[in-house]
Amino acid sequence: MALIALVSAKSDGATTSAAALALASRRPVLLAELDMAGGTLRHGLLRDVPRGEHHERLDGNIGLHRLPQADWERASAEQDFTPQVAQHLWPLDDSDYRVALPGLIDPRQAASLTSTWPTLLNVLQLTDQQLGWDVLVDGGRIVLEGGRLHPVLSPAPVLREADLVLLVVRMTEESQALAYPMVRALQDDLA
């Protein structure tokens, strides 16, 4: 099993690629939409997928943006955070083994995740290592600050602990030109 992150230098299809990999998987998979510019799965792929016997529809009460509050409300730091994250997962399809954590509703919510990253990273690693699920992370467009991953505008803690970080690149000259410096910056930061 693995924790694999997909990112791009400039909106080059990280979300689409991560969703395609998740939907093509024959193994259990969790797709975590950690794009700090805001999530798009909620209004696209997940929009018409119902959950539960009452056929709930995805609304703003579920997703990554709710995890900082759930983390803060835990009785103690030692309390397992997995159940709180599980409440915010949404099926990708009608199988029982493809789920997604929908992303932020508003990019201004990114700063609220700063203290939640270690706890969420632990849940993602447990999903991978103990449950045996693949974890695919849609890291969105990478933002750098001083040549390193931006601490708020990118999911830096998750990318630094991922088993594999893939840079999604379109077959255009512009996309490829932007990819070269991003590869070097990622190599330096993730080393």
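## Close-up views of a predicted model

**View 1. The buried face of helix α1.**
In helix α1, the buried residues are A14, T15, A18, A19 and A22. Looking down the axis of α1, these buried residues fall within an arc of 125 degrees, so they line one face of the helix. (The arc is taken from the directions that run from the helix axis to the C-beta atoms.) On the face turned away from that buried side, you will find the exposed residues T16 and A24. Here "buried" means a relative accessible area under 20%, "exposed" means over 50%, and "partly exposed" is in between, using a 1.4 Å probe and protein chains only. Helices (H or I, at least four residues) and strands (E, at least two) are DSSP runs, numbered from the N terminus.

A quick note before the next views: this is a predicted model, in which local features need pLDDT of at least 70 and side-chain atom pairs count only at pLDDT 80 or more, while totals for chains, interfaces and linings use all residues. Residues are numbered from 1 along each chain as its sequence is written, and side-chain values use heavy atoms, with hydrogens and water left out.

**View 2. The six-stranded sheet.**
Follow the strands in the order β3-β4-β2-β5-β1-β8 and you trace an open sheet of six strands with mixed pairing. Its edge strands are β3 (90-91) and β8 (164-168), each of which pairs on one side only. Two strands count as paired if DSSP finds at least two bridges between them. Strands β1 and β5 run parallel and are joined by six bridges, and L3 has V135 in β5 as its bridge partner.

**View 3. Helices α1 and α6 against the sheet.**
Helix α1 (residues 14-24) lies across β1 (3-8), β2, β4, β5 (134-141) and β8, and runs at about 165 degrees to β5. Helix α6 (residues 173-190) also packs on the sheet, where it touches β1 and β8; its direction makes about 165 degrees with that of β8. Axes are lines fitted to C-alpha atoms, for helices over the stretch in contact, and angles run from 0 to 180 degrees between N-to-C directions. The buried residues of α1 pack against β1, β2, β4, β5 and β8, with contact meaning heavy atoms within 4.5 Å.

**View 4. Strand β2 and its two partners.**
Strand β2 (residues 29-33) runs parallel to β4 (residues 98-101), and four bridges join the two. V29 stands opposite R98 in β4, and L30 stands opposite V99 in β4. With β5, strand β2 pairs in the parallel sense over five bridges; there V29 has D134 as its bridge partner, and L31 has L136. Five of the five residues of β2 are buried, so the strand is largely enclosed by the rest of the structure. Take a look at how its residues point: V29, L31 and E33 go one way, and L30 and A32 go the other way.

**View 5. L31 and its surroundings.**
L31 sits in strand β2 and is buried, at a relative accessible area of 0%. Although L31 and L136 are 105 residues apart in sequence, their C-alpha atoms are 4.8 Å apart in space. Leaving aside neighbours within four places in sequence, the contacts of L31 include A18, A19 and A22, along with L41, L92, V99 and D138.

**View 6. D134 in strand β5.**
Strand β5 is mostly covered, with seven of its eight residues buried. D134 has its place in this strand and is buried, at a relative accessible area of 14%. A polar atom of the D134 side chain lies 3.2 Å from the backbone nitrogen of A2.

S11 is found in the loop between β1 and α1. S11 is not a glycine, yet it has a positive phi of about 40 degrees. With a relative accessible area of 54%, S11 is exposed.

Helix α4 (residues 117-129) has 13 residues and reaches 18 Å from its first C-alpha to its last, close to the expected 18 Å. That expected span is 1.5 Å times one less than the number of residues. Among the buried residues of α4 are W117, L120, L124 and V123. D59 is found in the loop between β2 and α2 (67-73), and at 35% relative accessibility it counts as partly exposed. D59 and V123 are 64 residues apart in sequence and 23 Å apart in space, C-alpha to C-alpha.

Notes: Polar contact = N/O pair within 3.5 Å; in protein donor to acceptor, adjacent residues only side chain to side chain.
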